[in-house]
Amino acid sequence: MQNKHNRNFIRGFMVVLSIMLFLVGCGSKEQAAPAPAANTGGNAAAPKTDEVRVIKHAMGETEIKGTPQRVVILTNEGTEALLSVGVKPVGAVKSFTGNPWYEHIKADMQGVTVVGEESQPNIELIAGLKPDLIIGNKMRQEKVYPQLKAIAPTVMSETLRGEWKENYKLYMEALNKKAEGAKVIADFDKRIDDFKGKAGDKLKKTVSVVRFMPGRMRIYREDTFTGVIFKQIGIARPESKSKETFADEITKERLPEAEADMMVYFTYETGDGKGTKLEEEILNDPIWKNLNVVKAGKAFKVDDAIWNTAGGVRAANLLLDQLFKMYDNMK
């Protein structure tokens, strides 16, 4: 009887032990299973944002991950490029004129940190902004490129003269905004075509470009912001004996070289009055007053920021606005 009781006890114990081992095994499998993905607010379906892109630029190649969110821009024309596709920089160099921004961009630049000037960006300020992309220019910031790229991926355009569209395309590639940027350029090019159609034979009339600066004066040629836009439109330019494609520094005695059917002139004034002083001196000089284009009332003063200094896509469109009005009134 005792043996039978012992056998029943052992069988019962084995059944309980088997059940416990089974439950432990199930628990181990559950713990080993991968945890479900956390809710990332919609980013889980956006692998492209983490894609690493290699951007070729004036200083070499730079790897950029995804779409930058905190951009520092170190050129005036680059600032306009960012704004054109709805990107507000966390930091930007100040405008050449304005306090601190050009009149035509200041409404969109509220809250943006000024990080020095194009020729002397403030490295410490830039680092403090913790950017994930810095855009600069070799002509302006080549010497500080090693410091900039140590802060964040840095892309630099080659030049800052006439071919603003080439810089624009580079900036869009770095921003991961190629499609948006292409539309901005396409819209601008359509405006150019519209202008050509409306201007017609008036484009055969020559137009010269003169700039007054503190202590010096220039006639601007083809490789300038204005010159490149004029070339795309097909506006005729006066013949020049100069081989210079950017600008000729002239004295007042050489003002007759600016003779044309129409002239636009602008003054670089930083606030010290020196640019304005030279403009006033020249405009009151007999040589200026005796220019045929001046006597005919075809010399027009325009905004230096829009026609030259800003050098960006917004300025280009504003320049076109003014050209439309000029050619509408041209006889």
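**Sheet, helix packing and aromatic pairs**

Strand E3 (residues 71–73) and strand E8 (residues 133–137) run parallel and are joined by 3 bridges. Within this pairing, Val71 has Leu133 of E8 as its bridge partner. The model described here is a predicted one. Strands of a sheet pair through backbone hydrogen bonds, either parallel or antiparallel. In the present case the pairing is parallel, and 5 strands form an open sheet in the order E5-E4-E3-E8-E9. Its edge strands are E5 (113–114) and E9 (154–157), each of which pairs on one side only.

Helices H2 and H6 were examined against this sheet. Helix H2 (residues 76–84) lies across E3, strand E4 (91–92) and E8, and runs at about 145° to E3. Helix H6 (residues 164–175) also packs on the sheet, where it touches E3, E8 and E9. The direction of H6 makes about 170° with that of E9.

H2 also meets another helix. The axes of H2 and helix H13 (residues 313–328) come within 7 Å and cross at roughly 85°. Angles of 65 to 115 degrees count as roughly perpendicular, and H2 and H13 are therefore roughly perpendicular to each other. On the H2 side the contact is made by Glu80, Ala81, Leu83 and Ser84, and on the H13 side by Val313, Arg314 and Ala315. Sorted by class, the residues in the contact of H2 with H13 are 4 nonpolar, 1 polar and 2 charged.

Aromatic rings were considered next. A pair of aromatic rings is described by the distance of the centres and the angle of the planes. A search of the whole structure finds 10 aromatic pairs. One of these is formed by Tyr220 and Phe246, whose ring centres are 5.7 Å apart. The planes of the two rings stand at 45°, so the pair is tilted. Tyr220 belongs to strand E11 (residues 216–220), whereas Phe246 is in the loop between helix H8 (225–233) and strand E12 (247–250). The pair thus links distant parts of the chain, with the two residues 26 residues apart.

Tyr220 counts as buried because its relative accessibility is 1%. Phe246, at 19% relative accessibility, counts as buried too. Elsewhere in the model, Trp164, Phe188 and Phe225 form one aromatic cluster.

Methods: Residues numbered from 1 in each chain as written. Predicted model: local features only at pLDDT ≥ 70, side-chain atom pairs only at ≥ 80, totals over all residues. Heavy atoms only, no water. Axes fitted to C-alpha atoms, helices over the stretch in contact; angles between N-to-C directions. Helix = DSSP H or I, 4+ residues; strand = E, 2+ residues; numbered from the N terminus. Parallel < 35°, antiparallel > 145°, perpendicular 65-115°, else oblique. Contact = heavy atoms within 4.5 Å. Nonpolar A, V, L, I, M, F, W, Y, C, P; charged D, E, K, R; others polar. Phe/Tyr/Trp six-rings, centres within 6.5 Å; stacked < 30°, edge-to-face > 60°. Buried < 20%, exposed > 50% of the residue type's maximum accessible area, 1.4 Å probe, protein only. Pairing = 2+ DSSP bridges.
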